[in-house]
Amino acid sequence: MYVLTDVTRLYQKGRHTVPAVRDVSLQIPDGEWLAVQGRTGHGKTTLLQLLGGLDRPTSGRIELDGRDLSRMREAAATRVRASSIGFVFQTFNLIATLSAADNVEAALVPLRIGAAERRRRTAAALESVGLSDRARHLPTELSGGQQQRVAIARALVKEPKVLLADEPTGNLDEGTREEIMALLEKLWRERGLTMILVTHETAIANRAQRVAVMSKGRLTIRPVASTASGPVPFATSPGQEAPQPAD
Amino acid sequence: MFFIRYLGRELRRRMRSAIVIALGLALGIGLVITVIAASTGVKNAQASVLRSLYGVGTDVTVTKTPPAPSAKGGPANGQRFSISVGPNGAEVCHNGVCKKGAQTISTLFSPGQAALPYSSVSAISKLHDVSAVAGGLTLTDNKITIPGSAGPSTSFNAPTSFTVQGVDLARPNLGPLSAGTIKSGHNFAASDTNSNVAVVDSNYAISNKLKVGSTVTVGKTKFKIIGIVTQAQGSNPPQVYIPLARAQALATNGPGGKHMTGAVNTIYVTAASAADISMVQKEIKKLMPTAKVTTASSLASQITGGLASAARLAGDLGKWLSILVLFAAVAIASLLTMAAVSRRVREFGTLKALGWRSKRIIAQVMGESVSTGVIGGLLGIGLGVAGIATINAIAPNLTATVTQASGLRFFGQGPGGPVSSAPNASHTVSVPWSATVTAGVIGLAVVLAIVGGLLAGAFGSWRISQLRPAQALARVD
């Protein structure tokens, strides 16, 4: 479970201070699918990076299962990412020189698993995303949708507790977008993941159990069209009402 | 293994820059190998010249500089030759006793070196760290023909001379003769100590049509040739060897000087080990404070000519040039590696997001650099071997000139006024040499390659260690 308390992230740009995230407090229970929606530049990706321990807040606390990510040393945060957090990026971020199987296997290297076990788990991960027959292909030999499926396999091969997806369908056409979202939803249900998905599209956000809206660094929770598991706790930044999303 | 797969694929992707880096390192390493091999070859050639001068196994030589000339300009021992040649006739005076008319002056003397007592040899042999010692007399046999008279256009014939070595038959394993091989006849026996027998150098024998059984005149005394000796090609050995006792009886300490009975002018010393040479040098200097005690490395400075120039070239210019090229190669490799790391910032950010520690990513980059360095090292060894082969195929023989003062100074009244000359006995020989590659040099090349790769990777690694994952992922390629 994630607990965020008054999390703020400020960036210094010359003489100006830019607040990417402002006073965000939020709880994300285990197994929840939270969408983070908002316009470009309003702090969605920054929030995701803070949740993944890729960045440190300027102030506030971020706890994951009781461990304070915001004050952890880099080595410890890296270990948490290695074992518990999977990432899916908008631009796939596959390593161009490695095959699909090697890209997936790269996520298991930090876990010091034996080579045979790594190969077995890699094969299973590629099978789960329907790409067993593309294991030896390089990223340049795969379509956008296939590349994103490899990235999803890479994120999930280590059986993480948390999946952080930053605009996973942002670079895909409409048909492939639906394909990827269906795959993510299926894997979320099957594995009981805590999934936090950043998107600027309302249709995609509404598929989640809960939607957090980032607006100029501040977070509010808005109602979704329907939720499968019933009402969920609201969270806001101080003094803010829940705004309507931009699109 | 994942590490090797990733490394190999990354090098294939960056084939062009990997080749540039490898070639740069190869050039630097190849140059280092070639220069070291050439330098070793030149040093070996120097050593062979020295060996022939002083014999195999000599680590230290002991000589003595003669005292300064007297105020009258003659030798300090007061002995004096004077020669006057003019239109009215010639006169040669020795210590005030004069002889007129045409004549031949024949002398056997110690050129430019003062006498040392033979008892010093025994004293030195008792020193700690000395394993062998022998005494010797290095002499010059000079003959000058004085004409009966001379006009303004008369030119004097140059003295004829040859070098003579008095061999210590009590200790025959040191000294110039010990470096040679008897080609015909036989060497001295211990019983030849007081015999008029000689061994001659093969080149001298050929040029003077001498063979075993012929005679050679040394110090106005006939010696029977019992053996012909060959020395290393390009060396400058003495031309005639006679027993030390005979040399002592016939030679004088400078022209017209005292006889050298019980004296030597060179003592050859072998140290117990190379590490003891310096200590032995100090101990002898303490025992014989007025003597000149030199080691092989300081003797090398006596050699001039092409050999000495080549030694300087290989040692100074060659060394610095190869260091400069190697430094430039490593600098270029470092810049290219840093550029490659910069292009892969997003990739490394992704790996950090996957849970790769900085150390793991650095190990990957270092592995790529070291691999490129090793490839460069192997190419460099190939270039070095090719360089050595080229040198050995085209390099000419070097010349070595060893100049020794004859000790003869002529003061006289010639047709054109006062005449004074001090001819030197100087020998220029052709020294064949070859660049030599050893296992040590190959090992050095491998070490340089790995170190070059590590240094190049170190700069890229520093970049990675400064990387923040969030910033890296935000990079647009």
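Colleague: What's the strand order in the open sheet of chain A?

Modeller: Six strands, in the order β6-β7-β8-β3-β9-β10 of chain A, with mixed pairing. Strands here are DSSP E runs of at least two residues, helices are H or I runs of at least four, and both are numbered from the N terminus. Two strands pair if DSSP finds at least two bridges between them. This is a predicted model: local features need pLDDT of at least 70, side-chain atom pairs count only at pLDDT 80 or more, and totals for chains, interfaces and linings use all residues. Residues are numbered from 1 along each chain as its sequence is written, with chains lettered from A and ligands numbered from 1 in the order in which they are written.

Colleague: Which are the edge strands?

Modeller: β6 (85-88) and β10 (218-222) of chain A, each pairing on one side only. The twist averages 20° from one strand to the next.

Colleague: In what sense do β3 and β9 of chain A pair?

Modeller: Parallel, over four bridges, between residues 33-37 and 210-215 of chain A. L34(A) has R210(A) as its bridge partner in β9(A).

Colleague: Switching topic: how many residues of chain B are in contact with chain A?

Modeller: 20 of chain B, against 20 of chain A; contact means C-beta atoms, placed from the backbone, within 7 Å.

Colleague: Which helix of chain B gives the most to that side?

Modeller: α9(B), with seven residues. α1 (2-13), α9 (345-354) and α12 (469-474) of chain B each supply at least two.

Key: Two residues are in contact if their C-beta atoms, placed from the backbone, lie within 7 Å. Axes are lines fitted to C-alpha atoms, for helices over the stretch in contact, and angles run from 0 to 180 degrees between N-to-C directions.
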